[in-house]
Amino acid sequence: MNIIILCSSFQRNNYSFPKHKTTMYPTTLLFITTLSLAAALDGNAPPASPANDRPVLSGLYTSITLPTGQGGCSGTQEAILDIYPSSSSSTAPTVLHLPGGAYMNLVGDTVESAGQQYLDAGYTVAVLYYRLPRSETTTSWLVCSDPYEVLDDVSSAMTHLLENAADYNVDADQIVLSGFSAGGHLASLYSSLCNARSSACPAGQVLHFPFMEKGSKIFCSEVGTAFNALQDYDECFPTVLVDEATPPTILYHAGGDPIVPTSEMTDFVYALGQQGTSYEYYEVLEGGGHYLVPFSQVAAVSDGVLDPSGDYASLIERALMLPNPSCVRCDDIVTPWMKDNGKTCDVTTWLITNKCVEDEQWVTNGYCRSSCYDAGRGYVNEVCCPPPTPPSSCTECSDDATPWMENNAKTCATSPSSIETNCNENGWWVSNAYCQLSCFAAGRGYEGIDCCD
């Protein structure tokens with residue numbers, strides 16, 4: 001079965017559900033005051049009360065408050081999960097749908113449109129109203145609470161669905177994250193970090209105009225600081241975090257999007273291709289914006305893969321049809337005894353030899369997965385991905401000749417006397433980085449520059 005989780009951000013505005021309370025609601029109405037996504041992103045949208053007037057899809061649903069506590073900018077926000085079990089008599093595909101709102105409000109139109117389409121297609125749908133690290137009413141340019149609370153909310157939602165799979169018709173092996181704008185960044189970031197945070201990972205992800213760069217800046221900013229000027233955000237940037245274990249990915253974007261440039265999408269697609277991740281990328285070249293265009297326009301650029309008469313539920317189906325990663329990210333979680341005694345997996349040879357695969361507690365908790373695999377005693381049906389290659393610290397050096405060399409048909413490689421007398425010593429050479437590569441090869445490289453081979 002597959003699960004669709006719809007995650008929407010919201011401001012609570014003096015409204016809360018009793019913690020841990022589970023309530024069943026019958027409903028046939030849809031209601032919400034939706035905001036223009038572009039207006040929400042530029043901070044000009046009027047205040048909304050999405051906790052009170054959030055979208056409600058057709059059919060019975062369960063609403064719970066997740067046990068991640070209070071947080072967000074107000075300090076009183078709590079994560080709410082609305083779950084709509086599939087109408088199927090057995091387990092069905094499930095989607096984790098993460099609507100956007102620039103991490104400062106809820107934009108509910110994607111819940112009402114795509115969310116209802118998922119439900120009509122027979123998926124179990126869970127809508128997550130997560131805590132928000134930005135405020136739309138005051139100082140929206142600042143990060144006002146820990147953004148990683150949002151990842152905790154997604155992890156808690158996944159755990160709740162898996163632990164109650166029978167109640168919600170959830171297939172634990174087919175949970176798809178479906179993210180929109182900021183929710184697209186959240187989905188892809190969660191997919192990259194779920195193993196490291198000991199959280200359940202999805203079987204696939206569908207990203208609609210994901211808010212990649214700015215979302216990454218928000219996540220990597222310190223609480224109380226402005227995020228726009230942040231330069232170092234690689235650890236929160238899904239494009240950098242793509243690896244061999246990234247789940248099958250469907251990416252949708254429109255060329256007319258004024259919020260997320262096409263270059264962010266093509267960079268992400270390039271990263272997916274470099275890591276061998278299975279993906280499909282649908283770019284509506286003309287028109288469109290930071291919203292869902294009529295699905296027939298997406299089908300028109302799919303080379304016949306998508307049915308023009310279909311809807312956005314088709315993208316969930318495509319994600320589940322793509323090949324799975326050939327390996328998984330393996331960690332080295334130590335046992336409680338190892339932790340108490342200052343031991344690590346890579347130095348406990350006896351434990352690796354005698355516990356991996358054979359000890360039920362080790363298998364259940366996945367202790368020392370990476371070390372067990374490296375010792376040829378990996379867990380059943382688990383192939384660990386190789387560790388990521390550390391980024392190179394070298395510089396791709398140029399070998400630009402001086403004007404005199406150019407006028408006299410000389411090159412850096414054919415001017416050894418100039419290399420000997422000018423590299424590192426001639427201020428003009430230093431300021432213009434002339435013959436950078438030849439100087440380095442001669443052992444006279446510029447200070448702080450380590451040229452790549």
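Me: What joins Cys356 to Cys372?
Reply: A disulfide (a pair of cysteine sulfur atoms within 2.5 Å) joins Cys356 to Cys372, with S to S at 1.9 Å. This is a predicted model, where local features need pLDDT of at least 70, side-chain atom pairs count only at pLDDT 80 or more, and totals for chains, interfaces and linings use all residues. Residues are numbered from 1 along each chain as its sequence is written, and side-chain values use heavy atoms, with hydrogens and water left out.

Me: Which hand does the link of Cys356 and Cys372 have?
Reply: Left-handed, with -70° about the S-S bond. Cys356 sits in the loop between H12 and H13 and Cys372 in helix H14, so the link ties together parts 16 residues apart in sequence. Helices here are DSSP runs (H or I, at least four residues), numbered from the N terminus.

Me: Are Cys356 and Cys372 buried or exposed?
Reply: Both Cys356 and Cys372 are buried. Buried means under 20% relative accessible area, exposed over 50%, and partly exposed in between, with a 1.4 Å probe and protein chains only.

Me: How many disulfides are there in the whole structure?
Reply: A search of the whole structure finds 11. Another one of them joins Cys345 to Cys368, at 2.1 Å from S to S. The link of Cys345 and Cys368 is left-handed, with -80° about the S-S bond. Cys345 is in the loop between helix H11 (336-340) and helix H12 (349-355), and Cys368 in the loop between helix H13 (360-365) and helix H14 (369-374), so parts 23 residues apart in sequence are tied together.

Me: And what is the relative accessibility of Cys345?
Reply: Cys345 is at 3%, so counts as buried. Cys368 is at 0% and is buried.

Me: What about Cys394 and Cys452, which hand is that link?
Reply: Right-handed, with 95° about the S-S bond. The sulfur atoms of Cys394 and Cys452 are 1.8 Å apart. Cys394 is partly exposed at 26% relative accessible area, whereas Cys452 is buried at 16%.

Me: Switching topic: at what angle do H3 and H5 pack?
Reply: Helix H3 (residues 148-163) and helix H5 (residues 182-193) pack at about 75°, with axes 11 Å apart. That makes H3 roughly perpendicular to H5, a term for angles of 65 to 115 degrees. Axes are lines fitted to C-alpha atoms over the stretch in contact, and angles run from 0 to 180 degrees between N-to-C directions.

Me: Which residues in H3 and H5 meet?
Reply: Tyr148, Val150, Leu151, Val154, Ser155 and Met158 in H3 meet Leu186, Leu189, Tyr190 and Leu193 in H5. Contact means heavy atoms within 4.5 Å.

Conventions
Helices (H or I, at least four residues) and strands (E, at least two) are DSSP runs, numbered from the N terminus. Angles under 35 degrees count as roughly parallel, over 145 as roughly antiparallel, 65 to 115 as roughly perpendicular and the rest as oblique.
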